[in-house]
Amino acid sequence: MSSDSIRCGVAGVGYLGQHHARIYRELPGATLAAVFDANPARAAEISALNHNCPVASTLEELASLCDVISVVTPTDLHCQVALPLLAKGCHLLIEKPLCVTTEEAVLITDAARKAGLVVQVGHIEHYNPVMGYLETAVTKPRYIVADRLAPFNPRGTEVGVVLDLMIHDIGVALQLANSPVTRIDSVGVSVLTRHEDIANARLTFANGCVANLNVSRVSEKKVREVRVFQDNAYLSLDFMNQSGHLVRREGGKLNKEEIPLEKAEPLKVELASFLECVRRSKVPKVDVTLGRTALEVALEITRQIHASWQK
Ligand code: NAD
């Protein structure tokens, strides 16, 4: 890739895609080259908010105008949108979860590998300053607890809450535990959709670490918290407010300290990191391998929940 500005595009400029478009327009070394949406009126609206950037009338036209593209369509369409873009030679940032089946994940992985293209998966918390801190402070986690609660919103309900929200914490737990998952125990309840809207999963890792993940998308309040227990410390952090504290035993007493975190817009950090990987042909922090492993764990949790409904 030359040192010229990277031509960036967005496929699907709904709630989240509009922010991808704005950030590509703002990032140094990048140009918002075009947007595309199945709803042309929405594409025109987002173009107008971004200095009237070009609106592609097909996916193929989008690919011809761009070096890199964010796929921000509903989750069940990620694969069918991503494959033709990879065939046209575009590097992709595919929103989380990577796709909805292991077969689709294999198709995307193989297409990217054959074409030598960068594919990053939009596990945004990995670019949150909270995760940056956890990656340095967590050395030997024994127990991880994550709570992610959100009020109901019809967006995202094409999949269950495990693929929609728990996927974030599965990715976080996989990264922090840094060990293969050996056992999964799940429970889930459907409240407002035909999928699970509330779920709990307990993941056991080969190194003995256990992660207990709780999610709801029918909650009154919004929560995105993680707590990590290890031999020398207990860490409690909040992804939403980018704050947290650390408790350590010192001289037989417990010492609590606030964790100094420099706030940042995680999506901006994520997209800047993606462009840097494209520029330098580097493997992204959240590559297809992590995206695919997180998806496989999420699909097993979903399978267990649905199987329990048959009993
Ligand atoms: P949305 O419904 O608001 O937007 C989706 C957009 O895609 C719509 O404008 C729709 O018209 C368009 N679209 C539908 N089919 C298309 C196609 N074939 N080609 C091009 N455009 C098409 O949904 P959203 O909330 O923005 O979610 C989009 C994706 O982003 C989902 O995968 C979701 O999981 C993910 N997401 C991630 C986060 C995060 O924290 N990383 C947050 C929200 C959403």
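## Ligand site and aromatic contacts

Thr75 places a polar side-chain atom 2.9 Å from an oxygen atom of the ligand. Taken alone, the ligand exposes 840 Å², of which the protein buries 80% (Shrake-Rupley accessible areas, 1.4 Å probe). The model is predicted, with local features requiring pLDDT of at least 70 and side-chain atom pairs counting only at pLDDT 80 or more. Residues are numbered from 1 along each chain as its sequence is written, and side-chain values use heavy atoms.

| Residue | Atom in the residue | Distance to a ligand oxygen atom |
|---|---|---|
| Asp37 | side-chain N or O | 2.6 Å |
| Thr73 | backbone N or O | 3.3 Å |
| Thr75 | polar side-chain atom | 2.9 Å |

In total, 22 residues surround the ligand, and the closest are Tyr15, Leu16, Asp37, His78 and Arg155 (a heavy atom within 4 Å). This shell comprises 10 nonpolar, eight polar and four charged residues, with Gly counted as polar and Tyr as nonpolar.

Tyr15 and Arg155 also interact with each other: the charged end of Arg155 sits over the Tyr15 ring, 3.8 Å from its centre. Lys285 likewise lies over the face of Tyr127, 5.5 Å from the ring centre. Such a charge has NZ of Lys or CZ of Arg within 6 Å of the ring centre and within 35 degrees of the ring normal.

The structure holds two aromatic pairs (ring centres within 6.5 Å). Ring pairs link Tyr143, Phe229 and Tyr234 into a cluster.

Terms used: Phe/Tyr/Trp six-rings, centres within 6.5 Å; stacked < 30°, edge-to-face > 60°. Polar contact = N/O pair within 3.5 Å; in protein donor to acceptor, adjacent residues only side chain to side chain.
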